[in-house]
Amino acid sequence: MSRSNRISTSVDPIGVLIGMLLILLWSLSLYYLLTMHLDYGNPLTYIGILIQTYLYTGLFITSHDAMHGTVSRNKKVNNAIGFITSLLFVFNFYYKLQPKHHEHHKFVGTNHDPDFHKSGHFWLWYWHFLKQYITIKQLVLITVCMQLLRFIFPIENLIIFWALPSILSTFQLFFFGTYIPHKVGHDNDNKHKSRSLKKNHVLAFISCYFFGYHFEHHDQPGVPWWKLWQAK
């Protein structure tokens, strides 16, 4: 890609505002869902699960952008938002995620890539993906938090609207951000070993915040998610 086609990486203050908006929407949505009457016959229950899953994914995408310094050019602000969004994504820790993600970019599609599994088998790869990022410390914190929150909110709501969407979000992130882009094939035989979704900005946004434009992300990692459509 020629220099003239590079996307401007000026992000302040929009990157910060978008990050804060996602945190706010996730928090308000979660509070509403945890306090609502859970009725499996009500379509809003399932809509709520989907919305919360999508907002969870937005938290991680914001953390991901922070790893590339594209939430804010102010390093302290950038890392603070990355830390918060990582923590809200069920107690992930930014300082642990960041080096692994940069290893992924450096060694993409090789045995040194923590996000890659040479088998290409979907479920083996997904399990490998989860093991790279789930820790005992995280599981302990989740358990403690669940036990404390159950004094305030119904345990069933916590499982359906707090725990379940976080699991579904890892599936969404893996499928659109790792498996499809990096599964070995003739159409990702390029310098970044990455393929992209066909150009459809609506589908790309709904599926995973434009993260399906994955060759473009690897080619221009300094472009925030909300500008990736311009690189396609």
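Predicted model: local features only at pLDDT ≥ 70, side-chain atom pairs only at ≥ 80, totals over all residues.

Me: Why is Phe175 called partly exposed?

Reply: The relative accessibility of Phe175 is 28%. Buried would require under 20% and exposed over 50%, so Phe175 counts as partly exposed. This residue lies in helix α7, residues 155-182.

Me: Which residues does Phe175 touch, not counting residues up to four places away in sequence?

Reply: With that exclusion, Phe175 touches Phe122, Ile180 and Pro181. A contact requires heavy atoms within 4.5 Å. As for Ile23, which is 152 residues apart from Phe175 along the chain, the two C-alpha atoms are separated by 23 Å.

Me: What makes α1 roughly antiparallel to α7?

Reply: The axes of α1 and α7 come within 9 Å and cross at roughly 150°. Angles over 145 degrees count as roughly antiparallel, and therefore α1 is roughly antiparallel to α7. The crossing of α1 past α7 is right-handed.

Me: Which residues make the contact of α1 with α7, and how do they divide by class?

Reply: From α1 come Leu30, Leu33, Leu34 and Thr35, while α7 contributes Asn157, Leu158, Phe161 and Trp162. By class, 6 are nonpolar, 2 polar and none charged.

Me: How do the axes of helix α2 and helix α3 cross?

Reply: The axes of helix α2 (residues 43-67) and helix α3 (residues 75-88) come within 8 Å and cross at roughly 145°. The crossing of α2 past α3 is left-handed. Among the residues in contact are Tyr56, Leu59 and Asp65 of α2 and Ile81, Gly82 and Leu88 of α3. This contact has 5 nonpolar, 7 polar and 1 charged residues.

Me: What makes a set of residues a nonpolar core, and which residues have the most contacts inside the largest one?

Reply: The largest has 38 residues, and Tyr56, Ile61, Phe161, Trp162 and Trp225 have the most contacts inside it. Helices α1, α2, α6, α7 and α8 each supply at least two residues of this core. Its largest share, 7 residues, comes from α1. A second, separate core has 16 residues, including Tyr94, Phe116, Tyr126 and Tyr133.

Me: Which residues does Tyr56 touch, not counting residues up to four places away in sequence?

Reply: Tyr56 then touches Trp26, Leu88, Phe89, Val90, Trp162, Pro165, Ser166 and Ser169.

Note on methods: Residues numbered from 1 in each chain as written. Heavy atoms only, no water. Helix = DSSP H or I, 4+ residues; strand = E, 2+ residues; numbered from the N terminus. Buried < 20%, exposed > 50% of the residue type's maximum accessible area, 1.4 Å probe, protein only. Axes fitted to C-alpha atoms, helices over the stretch in contact; angles between N-to-C directions. Left-handed = near helix turned anticlockwise from the far one by under 90°. Nonpolar A, V, L, I, M, F, W, Y, C, P; charged D, E, K, R; others polar. Core = buried A, V, L, I, M, F, W, Y, C linked by side-chain atoms within 4.5 Å. Parallel < 35°, antiparallel > 145°, perpendicular 65-115°, else oblique.
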